[in-house]
Amino acid sequence: MAEKRPMHPASSDPVFPSQNRRDFLKTSLAAAAPLLFQPLDAAEPANSSPWHRRAIRWGQTNISEKDPVQYDLKWWRTYWKRTRIQGVIINAGGIVAYYPSALPLQYRAQFLKDRDLYGEVAKAAHDDGLVVLARMDSNRVHEDFFQAHPDWMARDASGQPYRAGDLYVTCINSDYYEKFIPDVLREIIQRSRPEGFADNSWSGLGRGSICYCANCSKKFQEKIGHELPRGKNWDDPIYQQWIKWNYARRTEVWDLNNRVTQEAGGPHCLWIGMNSGSVTGQSQSFRDMKEICARAEMLLLDHQARSDSGGFQENGQTGKLIHGLLGWEKLAPESMAMYQAGRPTFRKAAKPEPEARLWVLEGFAGGIQPWWHHVGAYQEDFRQFRTIEPLNRWHEANQRYLVDRQPVANVGVLWSQDNTDFFGRDNPGELVDQPFHGISQALIRARIPFVPVHADHLIRELPKLALLILPNVGALSDAHCATIKNFARSGGGLIATGETSLFTERGAARSDFALADLFGVRHPAGWAVPNYSARVRSTSDSAHSYFRLSPELRGGHDGPKDGDEPKSGGPRHAVLDGFDDTDILPFGGALKPLVVGQDAVVPLTFIPSFPVYPPETSWMRTPRTDIPGLVLRDVPGQGRVAYFSADLDRRYGRDNLPDHARLLANAVRWAARDSFPLTVSGPGLIDCHLYEQPGRLILHLINLTNAAAWRAPMEDLIAIGPFLIRVKLPKQARGGGARFLVSGGRIRPDVKNGWAEIPLRVILDHEVVVIES
Ligand SMILES: [Zn+2]
């Protein structure tokens with residue numbers, strides 16, 4: 001079916017980027033003509049909504065101590081307008097004050113003198129109709145403050161204050177948080193009436209250090225009835241309680257700050273801090289994502305750039321993970337660096353436009369709102385001001401499709417912060433994040449939409465799912481395991497890997513998998529969980545090991561023979577689709593024997609490691625074992641279960657071997673009985689996110705096909721296509737029309753058996769297809 005409008009409308013049209021991004025930027029920025037924006041419709045927040053539902057696009061000039069003498073407010077106001085933002089985040093107080101505070105201990109910016117820079121910028125923003133968040137940084141203080149309140153500082157076991165450079169770290173249990181910060185918040189509200197507060201660093205000392213100050217000793221004794229732990233010991237129940245006690249205190253500070261701002265500034269004057277998009281990052285700061293999201297009306301995300309291993313797609317996943325906790329009706333703007341953030345960091349140099357752009361677009365796909373971020377009011381690299389404007393103009397024109405929508409996905413990937421802490425301990429990157437990342441990446445590669453599911457939300461989320469994936473989720477409570485068993489026994493598909501369910505929610509080893517019956521395996525008699533350091537060592541091992549596929553087919557293939565080839569044992573299982581031309585696959589890890597149940601099938605067995613060098617030694621010493629790499633159960637009336645004893649998810653997250661991705665995706669298709677709501681055929685690596693709003697489906701397709709997909713920065717966009725999209729329509733929907741929000745145009749899809757078929761010729765950076773019912 002042909003499209004009825006050209007793919008690339010006139011370049012003077014600001015809403016639709018042309019294929020050549022550079023030409024588009026030149027035209028749209030140089031023209032500066034009056035721009036046409038689509039009128040708001042009923043789906044968009046009305047002006048009467050509170051600011052946290054209304055202010056969708058944000059901006060932040062993160063000012064330096066020099067800026068009081070070089071802040072060109074007139075220019076920044078034009079930038080606010082051009083970039084279509086509705087809210088600004090302005091540095092106010094805490095570590096550095098940008099207003100003449102009456103609180104003598106609040107340090108003033110070096111070049112501030114008596115100027116009220118924060119107040120001037122806040123007034124200008126209010127005059128321009130913008131929402132103002134006063135930015136705090138409540139974490140550390142200067143020498144004079146330390147001298148005045150030595151009892152407010154965090155202290156190590158020998159009583160010495162914790163330092164950060166020249167500054168002193170304040171204790172989360174001290175009156176710095178109970179009294180001083182509330183006074184600062186009240187003063188700022190009284191002076192400038194901001195709509196709310198952000199806080200760059202609000203949660204005190206991180207998990208790596210124990211504070212032994214008098215406040216902490218006393219409060220821990222009162223609450224737990226014990227002295228503070230002497231040091232880190234994950235097996236010690238007192239240390240575990242110290243971890244949970246620290247989380248609870250950060251949540252208490254969140255509530256305290258909100259009580260203060262709402263009392264002083266009214267019910268909508270919210271203190272919303274700032275949070276990392278990384279669960280591991282949050283754990284290291286004792287920030288309980290579930291508790292925070294349960295309280296927040298809006299979440300401010302500090303997640304400015306991709307990692308090479310996570311890719312741009314990390315941002316789309318973060319959006320889904322956060323909204324899974326926060327709710328999809330709420331907003332989650334994310335600080336997006338327009339400068340070279342990440343590795344390497346250059347605060348004043350522009351990030352290459354395609355690199356910044358793809359990160360922003362993945363955020364849009366995950367339900368994240370844009371928030372530009374520049375460091376310093378004075379800049380000399382103007383390229384950083386060219387990136388966000390066209391993105392935000394597109395966002396404004398299409399915002400009705402980009403907020404307040406529900407994901408359409410029947411695959412859930414389980415996670416919990418307890419698992420990050422008590423199973424991941426000091427290596428959450430390898431034990432928790434890599435498996436999660438590997439399975440997510442395999443799903444993205446297979447174009448299967450999925451949602452992260454928090455363990456405490458299983459009962460709420462499982463009815464929406466055909467398949468639940470447990471990527472090495474070691475720590476699971478008995479209650480979580482019981483819920484998962486019920487799900488699988490009543491027809492839900494399940495995939496689990498590695499050490500899933502071997503530990504309680506506090507990380508205590510069980511005698512065997514809590515989900516052993518479902519997996520169809522148990523450990524042999526006399527086996528015990530290896531200790532933590534042995535397990536961590538084994539995750540980082542890289543052995544020269546393989547899998548043997550069963551049944552073996554090489555007897556019937558054209559290739560060298562030794563005469564002992566096994567007779568073919570018939571057709572292979574669906575999880576081995578695409579591997580007909582091989583009897584082995586690379587693995588890389590080590591496996592131990594397991595006892596496999598009668599009703600289970602083992603399509604992969606382990607071939608132990610043998611030498612790589614010199615090549616003369618590189619032959620299989622033990623070509624065959626009965627140690628399972630993958631165990632499948634398909635009991636009539638129950639859900640299909642695939643248990644990978646091999647850590648294939650982690651391996652794929654780390655090694656990026658396509659065979660591992662294919663195996664994982666095959667298992668997903670088999671266990672979910674191929675019941676996905678979307679297929680996309682066509683070339684390349686694209687990330688697909690499908691959503692639903694009343695009367696329509698919304699599909700994001702992000703083009704990640706690029707030489708720089710796994711190494712930042714991306715410096716050019718490469719168009720790919722064509723594609724054929726097939727989307728399952730909701731019941732009663734007829735699939736009346738499909739609109740392309742990036743390339744423009746509208747078509748009438750072919751509708752067959754409740755599926756809409758939509759051709760798409762090309763994707764440069766992204767496309768968003770709206771399928772009206
Ligand atoms: Zn303390």
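Contact here means heavy atoms within 4.5 Å. The model is predicted: local features need pLDDT of at least 70 and side-chain atom pairs pLDDT 80 or more, while totals for chains, interfaces and linings use all residues. Residues are numbered from 1 along each chain as its sequence is written, and side-chain values use heavy atoms, with hydrogens and water left out.

**Stop 1.** Select S283, in helix 9 (residues 279-284); helices (H or I, at least four residues) and strands (E, at least two) are DSSP runs numbered from the N terminus. Beyond four places in sequence, S283 touches R207, Y247, Q417, T420 and D421. S283 has a relative accessible area of 0% and is therefore buried (under 20%; exposed is over 50%, partly exposed in between, with a 1.4 Å probe and protein chains only).

**Stop 2.** Select helix 20 (residues 648-655) and helix 21 (residues 658-671), which pack at an angle of about 140° with axes 9 Å apart. Axes are lines fitted to C-alpha atoms over the stretch in contact, and angles run from 0 to 180 degrees between N-to-C directions. To see the contact, show L648, D649, R651 and Y652 in helix 20 against H660, A661, L663 and L664 in helix 21.

**Stop 3.** Move to L724, in strand 30 (residues 723-728). L724 is partly exposed, at 32% relative accessibility.
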